[in-house]
Amino acid sequence: MSQVLSAKLVSMLETVYPALDCDFLASELLTTMGLSPDQPPPAAHQNHWTESDIVLITYADTVQRDDEKPLVTLRQFLNRCLSDSISAVHILPFFPSSSDDGFSVMDYLAVNESHGNWEDVEAIAQDFKLMADLVINHMSARSRWFENFKRRIDPGKDYFFEGNPKDDLSAVVRPRTSPLLTSVHTEDGERYVWCTFSEDQVDLNFANPQVLIEFAAIVRYYLERGVIIFRLDAVAFLWKEPGTPSIHLQQTHELIKILRLLIEHHSPDAVVITETNVPNRENLTYFGNANEAHVIYNFSLPPLLINTLVTGDCKHLKTWLMSMPPAQMGTTYLNFIASHDGVGMRPTDGLLSEEEKQRLLKTMESFGGKVSFRRTPDGRDQPYEINIALYDALKGTSGNGVDHWQLQRFICAHTVMLALEGIPAFYIHSLLAKENDTERMEHTGRLRSINRSQWQLADLEQELDNPLSHHSKAYQELKRLIAIRRKQPAFHPNATQFTLHLGLKLFGFWRQSMRREQSVFCIHNISDELQQVALSDINLIGTDHWIDLIAGTAISDLSGCITLKPYQSVWLSNRD
């Protein structure tokens, strides 16, 4: 057999490492992954998802019980409460870590003992598709590799990216206001290491191919323990070159292709997701030619949808949706409106005006949110993200402040997300309608802690069992909507989508299943006033029988109108 895999790998490696023996490097990578040079390729353009796929995002220790490891408690909670609602669970970094709630990894091959062990992780992977972070851009300053870097011994000596304060770093794109370079004392004297995020998160040096080989070994280890979805954390910053923005460089894209090639040849049903919190057009480049990420985060959705619901104006959300290209087969979007991080503002660049951004920021601050900043190349501090719980982000409007439509507005946001092209992902605190945790934020001193609460399982179950609790009301309604969504072929992540034009108070789009047997018109009143929809405006086919899937009611008069209450949604389908 021809060595097709090896040849592909060599070609990619030559782009990243033109001065090296890439035949030898390819052989090393294949051996590390346990692959043969003629390993048959996976089928091209395969969708590894259906309309039934729903992702839950959670920390390993979000749900706790006394005298029990959190991973054990989490598995019990997932199986008891969500086995009928989710297909995949993204457990945020569960490795030993020195800061940033897990993202300063000290040991990629270990589970944080306070969370549990690998057997606990594997048990969850037996019940759900398991998504885990490959924290690939940086590593803890307290890791063994970095200790070896300071001692100038391997493994680690050349594993971290060094900079020079005399270099021109003015063009470097930063997500933080902290210094880019950190001085470190080593056995060879003072060195300056590159720290994109914090001085405890030291950037790795992929210009050293041994780092790539190390990560191939890490990837294989994860695959063998049940990880099937890989989230490449902060991957846009992977390759650095002084004098450039050091974001989205071609070497970064090639490294993603290399990792995908290795992963999918090892496990043909595995999925690569890139986490790139950047403006929309930049984000879309991570699909490559359907040979980079299988899935990209829809980072513009959270700020645009929140802005839509607090202003009662869907102009920008509609404009953005019309501009989004349909994902090729074998690729799709990950739709989310809340996560463990804040609501990113960079994805609104080119979509909201500066005045509109400021209005959104002030509204979120009035609802208890906080704003964190990044440093621009010209030295200015710009808003980077809003730190707020989604439930409180939707507690009112920009014009009138807090009102009594909070729950309805919150449900409306998720109803939009559930119907859009792509795979829906629920952050656990949104599924449970958790409010701002200002106490935790003040205790940790970190703004992101406002949306990183922890629950005692008994307290959580008590809230969910109380029909008067807003946690229970939101949870039950979201589970009901999820159950409806999972049965609709028109909601397949790659089903056709077209934007409807129904004015600024009604946000609508049409989905059609890939076999064209089902159409669903998704219409959402994004205002706090009654809105009427003329059914003639959406051209329902008269020979079909139409039903609102959400309410379960038939639509009999196609020449008439339907009235939507504030924040009400309808999914009008020609099949039940």
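Arg144 lies in helix α5 (residues 144–151); helices (H or I, at least four residues) and strands (E, at least two) are DSSP runs, numbered from the N terminus. This is a predicted model, in which local features need pLDDT of at least 70 and side-chain atom pairs count only at pLDDT 80 or more, while totals for chains, interfaces and linings use all residues. Residues are numbered from 1 along each chain as its sequence is written, and side-chain values use heavy atoms, with hydrogens and water left out.

Arg144 counts as exposed because its relative accessibility is 54%; exposed means over 50% relative accessible area, buried under 20%, and partly exposed in between (1.4 Å probe, protein chains only). Apart from neighbours within four places in sequence, Arg144 is in contact with Met106 and Pro155, where contact means heavy atoms within 4.5 Å. Glu187 is 43 residues from Arg144 along the chain, and 15 Å separates their C-alpha atoms.

The next topic is helix packing. The axes of helix α3 (residues 70–82) and helix α4 (residues 118–127) come within 9 Å and cross at roughly 15 degrees. Therefore α3 is roughly parallel to α4. Axes are lines fitted to C-alpha atoms, for helices over the stretch in contact, and angles run from 0 to 180 degrees between N-to-C directions; angles under 35 degrees count as roughly parallel, over 145 as roughly antiparallel, 65 to 115 as roughly perpendicular and the rest as oblique. From α3, the contact takes in Leu71, Val72, Leu74, Arg75, Leu78 and Asn79, and from α4 Asp120, Val121, Ala123, Ile124 and Asp127.

Helix α9 (residues 301–311) packs against helix α13 (residues 406–419) at an angle of about 135 degrees, their axes being 11 Å apart. The pair α9 and α13 is therefore oblique. In this contact Leu301, Leu305 and Leu309 of α9 meet Arg409, Cys412, Ala413, Val416 and Met417 of α13.

Strand β16 (residues 381–387) has five of its seven residues buried, so it is largely enclosed by the rest of the structure. Which strands pair with β16? Strand β14 (residues 343–344) does so in the antiparallel sense over two bridges, and strand β15 (residues 370–375) runs antiparallel to β16, joined to it by six bridges; strands pair if DSSP finds at least two bridges between them. Val343 has Ile386 of β16 as its bridge partner, and Ser372 stands opposite Glu385 in β16. β15 and β16 form a hairpin with five residues between them, and Gly379 in the turn has a positive phi of about 90 degrees.
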